Amino acid sequence: MRRDLIAALCSVGLALSGRVIAQPAPAVREANYAIKDFAFGSGERLPELRIHYRTLGAPRRDAEGRIVNAVLILHGTGGSGAQFLRPQFAGELFGPGQLLDATKYFIILPDDIGHGNSSKPSDGLRAHFPRYDYDDMVRAEHSLITEGLGVTRLRLIMGTSMGCMHAFMWGEAWPGATRALMPLACLPVAIAGRNRMWRRMIIEAIGADSAWRRGDYTSEPTEGLRTAQDILAIAGGAPRQMQKVLPTPADVDSYMAGPLAHATAELDANDLIYQLDSSRDYDPESGLEKITAPVMWVNSADDFINPPELGIAERDAPRLAHGRFVLLPVSDLTHGHGTHTWAAAWKSQLAELLSESGG
């Protein structure tokens, strides 16, 4: 279960999804892209950085040989490209006749640095792994797309949570790299306030566990990880959905003793610390005017991590040259922060974006 930890570690959103009609699954191909002598912003280097990725569909080229149908979808903190193969995402978007039909588009689902099957601390370096940040992750994504896959311009960049933040960074760093941007569930500002606080709480809880040993542990610091998981369950949860799936005290007790406790075994403390810490210097707010591609930016009103009462999106959206911000009201379709992976909630906005940016 390596999915977006912030949004779905607790599995509550998955358990109460309502019905998702399964579509025939498109073929998925997996591969690794190696970047030699990768230099991190910290000054550290890796002789070889491995970026794992999945693809669906095939490249289509124009008369000049340029790939014209590539779609890049970026995952959230603790997740991987595999999270987009679940029915509530792939079953709504990738099937025949759907918005991102895999027979029409070349869909690219990378695992970011520190995540999934890409290079990460738990591979062996543990706390001696280079201290990567979002800039390192986005540069590696760009290298995969341009050098590894030969794509000079993407049809669409879609990002969820951390991937949403990366989408804003792509739009600023390479304004001509995509025909459209769809950031889902984030804000383009430095992570501060409650958002930074709960991340620090998790990191400090793991560090306070005597088993952690500055990252050179012989067994996982389970007490620290249990605290981390409890915090993530609240941060990623949706009150309305939780109340539906856990309507009695006994349901809550059973859930905490079962699925929530079981998920702890699938965490690695160093990986989690690095994943949360990598957002430390994210702050694209000053460069929003650099983004020239059409932007459909979607958040949900029940998002604990990006609460609408901050008013940040409404303040910053007008600075996007061709941008629109949509706040989804709380409904049976929204799942808190994890709404970003439930395509039924926002696929009408995706349809608008695709139409407005050239079909």
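Does Arg 213 count as buried, partly exposed or exposed, and what is its relative accessibility? At 53% relative accessibility, Arg 213 counts as exposed, where exposed means over 50% relative accessible area, buried under 20% and partly exposed in between, with a 1.4 Å probe and protein chains only. The structure is a predicted model, in which local features need pLDDT of at least 70 and side-chain atom pairs count only at pLDDT 80 or more, whereas totals for chains, interfaces and linings use all residues. Residues are numbered from 1 along each chain as its sequence is written, and side-chain values use heavy atoms, with hydrogens and water left out.

The secondary structure of the protein chain comprises 13 helices and eight strands, helices (H or I, at least four residues) and strands (E, at least two) being DSSP runs numbered from the N terminus. The protein chain has a radius of gyration of 19 Å, close to the 21 Å that the globule rule gives for 359 residues, and is therefore as compact as a globular protein of that length; the radius is taken over C-alpha atoms, and the rule is 2.2 Å times the number of residues to the power 0.38. Along the principal axes, the C-alpha atoms of the chain fill a box of roughly 60 × 50 × 40 Å. Of the 359 residues in the protein chain, 56% are buried. Among contacts (heavy atoms within 4.5 Å) between residues at least 6 apart in sequence, 79% join residues at least 24 apart.

The accessible surface of the protein chain comes to about 14400 Å², and 54% of that surface belongs to carbon and sulfur atoms; these areas come from the Shrake-Rupley method with a 1.4 Å probe, and for residues only the protein chains shown count as cover. The mean positions of the 35 positive and 42 negative charges are 4 Å apart, with Lys and Arg counted as positive, Asp and Glu as negative, and His and the chain ends not counted. The place of each charge is taken as NZ of Lys, CZ of Arg, CG of Asp or CD of Glu.

Strand β5 (residues 156-160) has five of its five residues buried, so this strand is largely enclosed by the rest of the structure. In a regular strand the side chains alternate between the two faces of the sheet. In β5, Leu 156, Met 158 and Thr 160 point one way while Ile 157 and Gly 159 point the other way, and all are buried. Strand β3 (residues 70-74) pairs with β5 in the parallel sense over four bridges, pairing requiring that DSSP find at least two bridges between two strands; within this arrangement, Leu 72 stands opposite Ile 157 in β5. Strand β6 (residues 181-184) also runs parallel to β5 and is joined to β5 by four bridges, with Ile 157 standing opposite Leu 181 in β6. Phe 94, found in the loop between α3 (90-93) and β4 (106-110), is buried, with a relative accessible area of 1%. Not counting residues up to four places away in sequence, Phe 94 touches Pro 26, Leu 56, Ile 73, Phe 84, Phe 89, Leu 100, Asp 101, Ala 102 and Ile 107. The C-alpha atoms of Phe 94 and Arg 213, which lie 119 residues apart along the chain, are separated by 44 Å. Arg 213 itself lies in the loop between α6 (193-208) and α7 (222-236), and its phi is near 55°, a positive value in a residue other than glycine. For Arg 126, phi is likewise near 55° and positive in a residue other than glycine; Arg 126 is placed in the loop between β4 and α4 (134-148) and is partly exposed, with a relative accessible area of 31%.

Leu 85, in the loop between β3 and α3, counts as partly exposed at 32% relative accessibility. With neighbours within four places in sequence left aside, Leu 85 is in contact with Val 28, Arg 54, Leu 56, Ala 90 and Leu 109; the C-alpha atoms of Leu 85 and Val 28 are separated by 9.0 Å, although the two residues are 57 apart along the chain. Asp 332 is located in the loop between β8 (323-328) and α13 (347-356) and, at 45% relative accessibility, counts as partly exposed. Residues touched by Asp 332, not counting those up to four places away in sequence, are Arg 240, Gln 241 and Lys 244. From C-alpha to C-alpha, Asp 332 and Glu 266 are 29 Å apart in space and 66 residues apart in sequence.
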